[in-house]
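Come along as I look things up one at a time.

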Amino acid sequence: MRPFELTAPTTVEAAVSTPGTFLAGGTTLVDLMKLDVLTPQHVVDINEVPLRGIDTSDGLRFGALERMGAIAAHPGVYPAISRALLLSASQQLRNMASIGGNLLQRTRCSYFRDTTMPCTKREPGSGCSAITGANRMHAILGTSEACVATHASDVAVALVALDARLRLTDSTGSREVALRDFYRLPGDTPAVENDLRLGELITEVLVPRLDWAANSTYVKVRDRQSYEFALCSAAVALDVRDGVVADARIAAGGVGTVPWRLTGVEAALRGAPATQASFETAAAVAADGAQPLSENGFKVPLLQRTIVRALLELTEGSSR
């Protein structure tokens with residue numbers, strides 16, 4: 001780790017007026033600093049800034065510094081969000097990591113984290129080593145010739161499914177942006193991962209009220225059940241009335257360069273009977289447009305099966 005200056009403001013106004021790299025829980029930033037992947041000269045510790053709190057009075061509101069563990073344990077949080085948080089990290093990490101920091105965490109692509117290997121996300125123009133390298137864990141949706149790295153966050157998948165928004169604040173004021181629009185596809189500029197502007201800070205995560213989101217879940221498929229990143233995941237909220245799907249919200253993780261909203265699957269489910277056959281038919285379009293690599297073609301059927309598994313989990317007792 002290289003030397004750096006540390007500042008610890010106590011207000012939002014002071015934080016956004018201080019040039020540097022923001023430090024919250026540090027569970028991503030500090031790791032990358034140790035590897036020399038990130039080498040900030042000035043780190044701004046924002047842990048004393050009053051950006052905590054959980055409000056469930058009308059939808060959900062999380063202060064950006066609220067810890068993942070506290071949100072997961074809150075009884076008013078939708079199950080898909082709570083389960084995504086519980087499956088995303090160990091208890092120790094959940095007690096340290098902030099919700100805002102989790103949404104900004106960097107990819108776990110081994111080439112991004114190995115400074116001896118070319119990586120356009122880390123060093124623009126250097127090339128993507130994963131395309132012809134070890135790419136079993138990499139994306140099949142939203143990829144480009146410059147980058148095939150998956151997005152790492154579990155809870156971002158659940159939040160994208162539930163139409164979450166971010167409040168972003170800088171020295172000139174605040175703005176809101178849909179989380180789905182916040183993340184950027186890699187295209188030719190994979191180093192630009194989101195719509196966060198210079199000097200902006202995530203201050204709140206907002207989830208609109210959705211009464212039937214109580215019937216939601218998050219299914220994560222991984223190589224081992226202990227702390228591990230997703231090969232594929234699905235966040236699903238389902239509104240079933242008289243055995244028919246009235247509405248659905250679905251997003252996938254582990255397969256896209258960003259959390260992947262599956263509007264085609266949602267559309268195929270609406271008006272269909274809540275049966276396994278209907279779920280399989282709808283899930284068949286989940287991987288439309290996929291571009292598998294040499295080692296991750298299995299993610300196409302895995303994505304479809306993960307969605308069906310999540311849907312069946314929410315409709316136990318329905319005719320299958």
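**Entry 1: two aspartates in loops.** I began with aspartate 163, which sits in the loop between helix H7 (155-161) and strand E6 (165-170). I kept in mind from the start that this is a predicted model. The phi of aspartate 163 is near 60 degrees, a positive value in a residue other than glycine. I noted that down, because most residues other than glycine have a negative phi.

Then I turned to aspartate 36, in the loop between helix H2 (29-34) and strand E3 (42-45). Here too I read a positive phi, near 65 degrees. With a relative accessible area of 31%, aspartate 36 is partly exposed.

**Entry 2: strand E9.** Next I asked how many residues of strand E9 (residues 216-221) are buried. I got six of six, so I wrote the strand down as mostly covered, buried meaning under 20% relative accessible area. I also checked which way the residues point. Ser216, Tyr218 and Lys220 point one way from E9, while Thr217, Val219 and Val221 point the other way.

What does E9 pair with? I found E10, running antiparallel to E9 and joined to it by six bridges.

**Entry 3: helix H10.** I listed the buried residues of H10 and got Ser278, Phe279, Ala282 and Ala283. Why do I say they line one face of the helix? Seen down the axis of H10, these buried residues fall within an arc of 130 degrees, so they share one face. I then looked for what covers them, and my list includes strand E10 (232-241), strand E11 (244-253), helix H9 (263-269) and H11.

**Entry 4: H10 against H11.** The axes of H10 (residues 276-283) and H11 (residues 299-314) come within 9 Å and cross at roughly 145 degrees. The crossing of H10 past H11 is right-handed. Which residues meet there? From H10 I noted Gln276, Phe279, Glu280 and Ala283, and from H11 Gln304, Ile307, Val308, Leu311 and Leu312. I sorted the residues of this contact into six nonpolar, two polar and one charged.

How values were computed. Residues numbered from 1 in each chain as written. Predicted model: local features only at pLDDT ≥ 70, side-chain atom pairs only at ≥ 80, totals over all residues. Heavy atoms only, no water. Axes fitted to C-alpha atoms, helices over the stretch in contact; angles between N-to-C directions. Helix = DSSP H or I, 4+ residues; strand = E, 2+ residues; numbered from the N terminus. Left-handed = near helix turned anticlockwise from the far one by under 90°. Contact = heavy atoms within 4.5 Å. Nonpolar A, V, L, I, M, F, W, Y, C, P; charged D, E, K, R; others polar. Buried < 20%, exposed > 50% of the residue type's maximum accessible area, 1.4 Å probe, protein only. Arc of directions from axis to C-beta. Pairing = 2+ DSSP bridges.
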